[in-house]
Amino acid sequence: MISEFNRNKIINVSCLDAETLAVHGILDDSIYSLELDFKVRIEGLQCFAVEGRWRRWTTPQCPEALKFLAQAEGFCLDKGIEDKIHKTIGRTACRHFANLFNESAYAVRETVKLLRWQQFQGGGGELSLRDFLAQDKGQRDADPVAAVAVTPAETPAPAAARPRPESSSRSPESNSESSFVIDLHVHTAPASPCASDSLETMIEEAKRIGLDGLCLTDHNYLWSADEIRKLRDQYEFPLFRANEIVTEQGDMLVFGFYEDVQGIIKLEELKNRVAAAGGFIVAAHPFRGFLTFGADDIGLTREKARAREMFRRVDGIETLNGKVTATENDLARNVAADLSLPATGGSDAHDKSTLGCYATAFTRPLKSETELLAALKSGEYKPVAFR
Ligand SMILES: [Zn+2]
Ligand SMILES: [Zn+2]
């Protein structure tokens with residue numbers, strides 16, 4: 001049984017005065033609840049006084065996101081702003097605020113169209129709104145933020161409200177978002193003996209919570225391409241194959257490498273074989289268990305940590321792993337930064353309850369394992385707390 005997932009998004013735009021719009025947005029779903037307020041100068045569509053509030057959140061980082069909203073101050077909310085919003089707010093603050101911001105920007109542009117029409121009517125124009133928009137289109141494309149003057153006394157405040165209930169699965173707008181979020185570290189039963197939920201269950205859960213894709217990293221297990229293709233089609237959901245291989249220096253997530261490796265292999269040998277296949281190695285949870293009693297107890301400094309031999313043989317480091325402590329993830333993040341290695345995130349979920357707690361946000365949709373591999377090599381992604 002899949003429990004229902006609901007998301008409601010409401011944006012209200014009102015005229016504060018002749019030059020200014022006030023925007024209030026609410027995003028509320030089964031997991032998160034947040035509000036966004038900002039003002040917009042109608043001429044130039046510049047936003048200012050950006051403020052956010054949480055009603056419900058899941059990680060201690062969520063409230064921290066609010067201060068990064070200030071990065072949107074002065075943004076021009078013209079068409080095409082989505083990408084910039086995702087690259088700033090989406091990356092530093094949180095994707096939920098980015099999502100709400102983009103929806104609000106759309107509502108602002110719709111409102112300005114209405115205002116322009118009202119202005120046109122006031123000037124003696126007699127076109128229907130639809131004809132006005134059709135006629136106006138060419139002109140707007142050339143000059144999308146043409147000045148609009150509003151006299152509030154004469155003009156009722158238009159409100160563009162877009163309630164959008166979204167039942168289950170992925171939100172329809174997620175395709176237009178520039179970030180594409182994949183849980184890069186997932187175990188399933190029976191492929192991983194320690195896992196308890198089947199791949200089918202994990203796919204359904206991934207769709208329910210709004211992930212864009214799953215990458216299977218069952219321990220020393222090779223899924224057949226056919227099997228994965230079938231499930232991909234059946235569930236219409238992006239699935240990718242990788243592998244979590246045990247080496248004498250720790251677990252490695254291996255991408256673009258389809259040899260069946262059993263038992264413990266030497267990292268050096270794995271590195272040679274993966275490199276020959278053109279693959280990519282990410283050190284999984286490199287400090288798992290190291291800091292359970294605190295770094296001081298074992299004398300593990302950041303300098304010593306980054307000097308570990310394994311880091312000379314990997315292409316990336318998993319810096320957000322759902323099965324280790326925050327301190328262990330922090331150390332991994334610091335080491336990745338020190339060594340200029342790309343960082344990934346993954347839940348390491350062995351059942352659906354923790355799927356997607358961490359994931360990796362890519363900058364564009366990925367349709368195949370070849371594309372995933374190329375994206376990993378490009379370094380254009382970042383680990384995210386998702387769920
Ligand atoms: Zn592992
Ligand atoms: Zn794992």
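This is a predicted model: local features need pLDDT of at least 70, side-chain atom pairs count only at pLDDT 80 or more; totals for chains, interfaces and linings use all residues.
Chains are lettered from A and ligands numbered from 1 in the order in which they are written, and side-chain values use heavy atoms, with hydrogens and water left out.

A charge is taken to sit over a ring if NZ of Lys or CZ of Arg is within 6 Å of the ring centre and within 35 degrees of the ring normal. The charged end of Arg-41 is likewise placed over the ring of Phe-48, 4.2 Å from its centre.

The zinc ion (ligand 2) is coordinated at 2.1 to 2.2 Å by His-185 (NE2), His-187 (NE2), Glu-244 (OE) and Asp-348 (OD). Donors are N, O and S atoms within 2.8 Å of the metal (3.2 Å for Na, K and Ca); water is not among the atoms, so sites may look incomplete. The four donor atoms subtend angles of 83 to 170° around the zinc ion (ligand 2), and the arrangement is therefore irregular. Four donors count as tetrahedral if all angles lie between 85 and 135 degrees; four count as square planar and six as octahedral if opposite donors are over 155 degrees apart and all others between 65 and 115, and anything else is irregular. The sequence spacing of the donor residues of the zinc ion (ligand 2) is H-x1-H-x56-E-x103-D. His-187 is in the loop between strand S6 (180-186) and helix H5 (199-209), and Asp-348 is in the loop between strand S12 (343-346) and strand S13 (358-362), so the pair ties together parts that are 161 residues apart in sequence. Helices (H or I, at least four residues) and strands (E, at least two) are DSSP runs, numbered from the N terminus. His-187 is buried, at a relative accessible area of 0%, and Asp-348 is buried at 2%; buried means under 20% relative accessible area, exposed over 50%, and partly exposed in between (1.4 Å probe, protein chains only).

Glu-244 coordinates both zinc ions, which are 3.3 Å apart. Glu-244 lies in strand S8 (residues 239-247) and His-285 in the loop between strand S10 (280-283) and helix H8 (295-298), so this pair ties together parts 41 residues apart in sequence. Glu-244 is buried, with a relative accessible area of 0%, and His-285 is buried at 7%.

Seven aromatic pairs are counted. Rings of Phe, Tyr and Trp (its six-membered ring) pair if their centres lie within 6.5 Å; planes under 30 degrees apart count as stacked, over 60 as edge-to-face and the rest as tilted. Among the pairs, Tyr-32 and Trp-54 are tilted, with 6.1 Å centre to centre and 45° between the planes. Both Tyr-32 and Trp-54 are buried. Ring pairs link these two residues and Phe-97 into a cluster.

The count of disulfides (pairs of cysteine sulfur atoms within 2.5 Å) is zero. Cys-94 is in no disulfide, and the nearest cysteine sulfur, that of Cys-62, is 6.2 Å away.

Note on methods:
Residues are numbered from 1 along each chain as its sequence is written.
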